[in-house]
Amino acid sequence: MELGLDGAALRDDVSRGSQVWRRIDVVAETGSTNADLIARAGRGENIDGAVLIAENQTAGRGRRDRSWSAVPFAQITMSVGVDVTAMPSSAWGWLPLATGVAVVDAVADTGVVSGLKWPNDVLAGGRKLAGILAEVAAAQQAVVIGVGLNVSLRAEDVHVEGATSLLELGVPAPDRHRLSVRLLHELGNRIESWRLAGGADAELAADYRARSLTLGMGVRALLPGDREIVGVACDVDDQGRLVIEADGESVTISAGDIVHLRPTH
């Protein structure tokens, strides 16, 4: 039987490794951890450095308002608040990418090799291990980043096509406490460096490119307004946008669904 996370123990362990996180709350159930942090900001609370983890999330949201719900105790469902007052808005797009790097590096401790599909998916064995959603808290200059990491979901619990979990990938007893601590440590370090650099520092950009599964791939980008671009993903720019070579031209996109195309022979 899966055990719930101990909020006090998390606070103790995380505080020893990072100065970024000021408050960590673990709740039994909520609709959406992202929505909860955004609501806190709307009430005037400073959400910078706030971490909210839900053991069960009933109305989670993905990109384009896609809905999904968690399985109790089988995932890490977490949202964090990041103050961006001192940062140019052109740098904000790197926050979800930095989060993806932090997830990849955190799960590496379990022996699972994963990579990043631009802009917000962590894949392992060609299947989705984690998703990331960044949203602006309009009431204050803050970005809320949500992470959903599949830890001990079993095949019969996975209702999203193409999803997987650490357990399904061969990790016999994934430790959600240890993973949460490592993830917050990795993400805290990335956010500190991002702030010091005023955006993507050279190390973050290089680490993202090294962990990317999208760069170098043929892709179909499905864009707002039912537009699409087919080409080769060749880079991410200084704002975290994807650069695609299509029909001899470089096209830069800031949002869209990316489909990896299988190479033809």
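Trainee: Which residues is isoleucine 253 in contact with, leaving aside neighbours within four places in sequence?
Mentor: This is a predicted model, and in it isoleucine 253 is in contact with Trp118, Ala221, Leu223, Ile229, Arg241, Leu242, Ile244 and Ile258.

Trainee: And which residues have the most contacts inside the largest nonpolar core?
Mentor: Ile253 is one of them, along with Trp21, Val80 and Trp194. That core has 62 residues.

Trainee: What gives the most to this core?
Mentor: Helix α3 does, with 10 residues. As background, nonpolar side chains in soluble globular proteins tend to be buried together.

Trainee: Which residues does the second, separate core include?
Mentor: Among them are Ala41, Ile47, Ala50 and Ala137. That second core is made up of eight residues.

Trainee: Switching to aromatics. How many aromatic pairs does the count come to?
Mentor: One. Tryptophan 94 and tyrosine 208 form it, in an edge-to-face arrangement, with 5.9 Å centre to centre and 85 degrees between the planes.

Trainee: Are tryptophan 94 and tyrosine 208 buried or exposed?
Mentor: Both are buried. Tyr208 also turns up in the lining of the largest cavity.

Trainee: What lines the largest cavity, besides Tyr208?
Mentor: Pro96, Leu97, Gly100, Leu116, Lys117, Pro119, Asn120, Asp121 and Ile132. By type, the lining divides into six nonpolar, two polar and two charged residues.

Trainee: Which elements each supply at least two residues of that lining?
Mentor: α3, which covers 94-107, and β6, which covers 115-117. The largest share comes from α3, with three residues.

Trainee: What about the second largest pocket, what volume does it have?
Mentor: About 470 Å³. Its lining has 21 residues, and Trp92, Gly93, Pro96, Ala134 and Ser254 lie nearest its centre.

Trainee: Which element gives the largest share of that pocket's lining?
Mentor: β8, with five residues. The β8 strand spans 127-137, and both α3 and β8 supply at least two residues each. The whole pocket lining divides into 11 nonpolar, seven polar and three charged.

Trainee: Now backbone phi. What is the phi of aspartate 226?
Mentor: It's positive, about 60 degrees, although aspartate 226 is not a glycine. Most residues other than glycine have a negative phi. Aspartate 247 also has a positive phi, near 55 degrees.

Trainee: Where are aspartate 226 and aspartate 247?
Mentor: Both are in loops. Aspartate 226 lies between β10 (218-223) and β11 (227-236), and aspartate 247 between β12 (242-246) and β13 (249-253).

Trainee: Why does aspartate 226 count as exposed?
Mentor: Because its relative accessibility is 80%, and exposed means over 50%. Aspartate 247 is exposed too, with a relative accessible area of 80%.

Trainee: Then glutamate 186, is that buried or exposed?
Mentor: Glutamate 186 is buried, because its relative accessible area is 12% and buried means under 20%. Glutamate 186 lies in helix α4, residues 176-197.

Trainee: What does glutamate 186 touch, not counting residues up to four places away in sequence?
Mentor: Ala102, Asp105 and Ala106.

Trainee: Last one, glutamate 161. Where is that found?
Mentor: In the loop between β9 (142-150) and α4. At 81% relative accessibility, glutamate 161 counts as exposed. The C-alpha atoms of glutamate 161 and arginine 262 are separated by 18 Å, and the two residues are 101 apart along the chain.

Note on methods
Residues numbered from 1 in each chain as written. Predicted model: local features only at pLDDT ≥ 70, side-chain atom pairs only at ≥ 80, totals over all residues. Heavy atoms only, no water. 1 Å grid on protein atoms, 1.4 Å probe; cavity = no way out; pocket = protein on both sides within 12 Å on 5 of 7 lines; lining within 4 Å. Helix = DSSP H or I, 4+ residues; strand = E, 2+ residues; numbered from the N terminus. Nonpolar A, V, L, I, M, F, W, Y, C, P; charged D, E, K, R; others polar. Points joined across faces, edges and corners; volume = space filled by probe spheres on them. Phe/Tyr/Trp six-rings, centres within 6.5 Å; stacked < 30°, edge-to-face > 60°. Buried < 20%, exposed > 50% of the residue type's maximum accessible area, 1.4 Å probe, protein only. Core = buried A, V, L, I, M, F, W, Y, C linked by side-chain atoms within 4.5 Å. Contact = heavy atoms within 4.5 Å.
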